[in-house]
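Dear colleague,

Please find below the structure I am handing over to you. My findings follow directly after it.

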Amino acid sequence: MLGIAAAVLFFISFLINAAEISTNDVFSSTNVMLLGLMLLALHVAGIGTGWSGRRR
């Protein structure tokens with residue numbers, strides 16, 4: 001789940017950068033990309049594995 005959220009944030013960051021959309025400092029392309037990297041690092045670390053809806 002965190003990997004999907006990271007991919008969405010990377011795509012939004014790409015759109016902001018490619019379309020040259022002017023945003024405020026909080027939602028700049030770099031900040032959105034850093035949030036995506038943070039989520040990707042949490043996903044690789046295995047933080048989001050306990051959120052699964054299926055149980056054995």
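Contact here means heavy atoms within 4.5 Å. In that sense, helix 1 is included in what covers the buried residues of helix 2. Please keep in mind throughout that this is a predicted model.

I begin with helix 2. The helix comprises 17 residues, and its first and last C-alpha atoms lie 24 Å apart, close to the 24 Å expected at 1.5 Å a residue. Its buried residues are Ser29, Val32, Gly36 and Leu39. Viewed down the axis of helix 2, these buried residues fall within an arc of 95 degrees, so they line one face of the helix.

Ser29 belongs to helix 2, which runs over residues 29-45. Its relative accessible area is 17%, and because buried means under 20%, Ser29 counts as buried. Leaving aside residues up to four places away in sequence, Ser29 touches Ser13, Ile16 and Asn17.

Helix 2 also holds Leu34, for which the relative accessibility is 48%, so this residue is classed as partly exposed. Leu34 takes part in a nonpolar patch on the surface, together with Met33, Leu37, Leu40 and Val44. The accessible area of these residues together is about 450 Å².

Two backbone positions may be of interest to you. Glu20 has a positive phi of about 55 degrees, although it is not a glycine. This residue sits in the loop between helix 1 and helix 2 and, with a relative accessibility of 69%, is exposed.

Finally, I turn to the start of the chain. Met1 lies in the segment before helix 1, the helix of residues 2-18. Its relative accessibility is 69%, so Met1 counts as exposed. In sequence, Met1 and Leu39 are 38 residues apart, while in space their C-alpha atoms are 9.5 Å apart. Leu39, for its part, is one of the buried residues of helix 2.

With kind regards

Definitions and conventions
Residues numbered from 1 in each chain as written. Predicted model: local features only at pLDDT ≥ 70, side-chain atom pairs only at ≥ 80, totals over all residues. Heavy atoms only, no water. Helix = DSSP H or I, 4+ residues; strand = E, 2+ residues; numbered from the N terminus. Buried < 20%, exposed > 50% of the residue type's maximum accessible area, 1.4 Å probe, protein only. Patch = residues over 30% accessible without salt bridge, like charges linked within 9 Å, V, L, I, M, F, W, Y side chains within 5 Å. Areas by Shrake-Rupley, 256 points an atom, 1.4 Å probe, with all protein chains shown as cover. Salt bridge = Lys/Arg side-chain N within 4 Å of Asp/Glu carboxyl O. Expected span 1.5 Å × (residues − 1). Arc of directions from axis to C-beta.
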